[in-house]
Amino acid sequence: MLTMIGAVAAFERELMKERIAGGIESAKGKGTKFGRPNKVKSLTKEVAKLQAQGLNKSQIAQSLGISLSTVYRSTKR
């Protein structure tokens with residue numbers, strides 16, 4: 001009896017995986033973005049503007065409320 005319950009549970013899990021994969025493919029087809037938004041891309045222009053004003057990297061990080069490593073990553077671009 002336990003073996004039958006386990007087999008049904010495994011079968012249901014496989015069906016769930018297929019439905020999830022189908023939903024993700026459908027969403028990607030519609031253009032949905034997955035994952036965390038990229039903070040560096042959205043801040044690159046602001047960092048460049050503040051650098052042009054003569055602020056150093058630590059002042060830029062403090063004024064924008066971001067880490068110093070984020071400032072360095074955005075200046076690499």
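Modeller: Let me begin with a cut-off, which is that a residue counts as buried when its relative accessible area is under 20%. Please keep in mind that this is a predicted model. Threonine 70 has a relative accessibility of 8%, and therefore counts as buried.

Colleague: Which helix is threonine 70 found in, and what does its side chain make a polar contact with?

Modeller: Threonine 70 belongs to helix α4, and its side chain makes a polar contact with the side chain of serine 67, at 2.9 Å. If neighbours within four places in sequence are left aside, threonine 70 is in contact with Val40 and Leu43.

Colleague: At what angle do α2 and α4 pack?

Modeller: Helix α2, residues 39–52, packs against helix α4, residues 68–76, at an angle of about 85°, and their axes are 9 Å apart. Angles of 65 to 115 degrees count as roughly perpendicular, so α2 is roughly perpendicular to α4.

Colleague: Which residues in α2 and α4 meet?

Modeller: From α2 there are Val40, Leu43, Thr44, Val47 and Gln51, and these meet Thr70, Val71, Arg73, Ser74 and Thr75 in α4. Sorted by type, the residues of this contact are four nonpolar, five polar and one charged.

Colleague: Is serine 74 buried or exposed?

Modeller: Serine 74, which is also found in helix α4, has a relative accessible area of 4%, so this residue is buried. Leaving aside neighbours within four places in sequence, serine 74 is in contact with Val40, Thr44 and Val47.

Colleague: Changing topic, which residues make up the largest nonpolar core?

Modeller: The largest nonpolar core has seven residues, namely Leu43, Val47, Leu50, Ile60, Ala61, Ile66 and Val71. Helix α2 and helix α3, which covers 57–64, each supply at least two residues of this core, and the largest share, three residues, comes from α2.

Colleague: And what is alanine 61 in contact with?

Modeller: Once its neighbours within four places in sequence are left aside, alanine 61 is in contact with Ile66, Ser67, Leu68 and Val71.

Colleague: One more, on another helix: where is isoleucine 24 found, and how far apart in space are isoleucine 24 and phenylalanine 34?

Modeller: Isoleucine 24 is found in helix α1, residues 2–29, and with a relative accessible area of 34% this residue is partly exposed. Isoleucine 24 and phenylalanine 34 are 10 residues apart in sequence, and their C-alpha atoms are 9.4 Å apart in space.

Definitions and conventions
Residues are numbered from 1 along each chain as its sequence is written. This is a predicted model: local features need pLDDT of at least 70, side-chain atom pairs count only at pLDDT 80 or more; totals for chains, interfaces and linings use all residues. Side-chain values use heavy atoms; hydrogens and water are left out. Axes are lines fitted to C-alpha atoms, for helices over the stretch in contact, and angles run from 0 to 180 degrees between N-to-C directions. Helices (H or I, at least four residues) and strands (E, at least two) are DSSP runs, numbered from the N terminus. Angles under 35 degrees count as roughly parallel, over 145 as roughly antiparallel, 65 to 115 as roughly perpendicular and the rest as oblique. Contact means heavy atoms within 4.5 Å. Ala, Val, Leu, Ile, Met, Phe, Trp, Tyr, Cys and Pro count as nonpolar, Asp, Glu, Lys and Arg as charged, and the others, Gly among them, as polar. Buried means under 20% relative accessible area, exposed over 50%, partly exposed in between (1.4 Å probe, protein chains only). A polar contact is a pair of N or O atoms within 3.5 Å; within protein, one must be able to donate a hydrogen and the other to accept it, and residues adjacent in sequence count only if both atoms are side-chain atoms. A nonpolar core is a set of buried Ala, Val, Leu, Ile, Met, Phe, Trp, Tyr and Cys residues joined through side-chain atoms within 4.5 Å.
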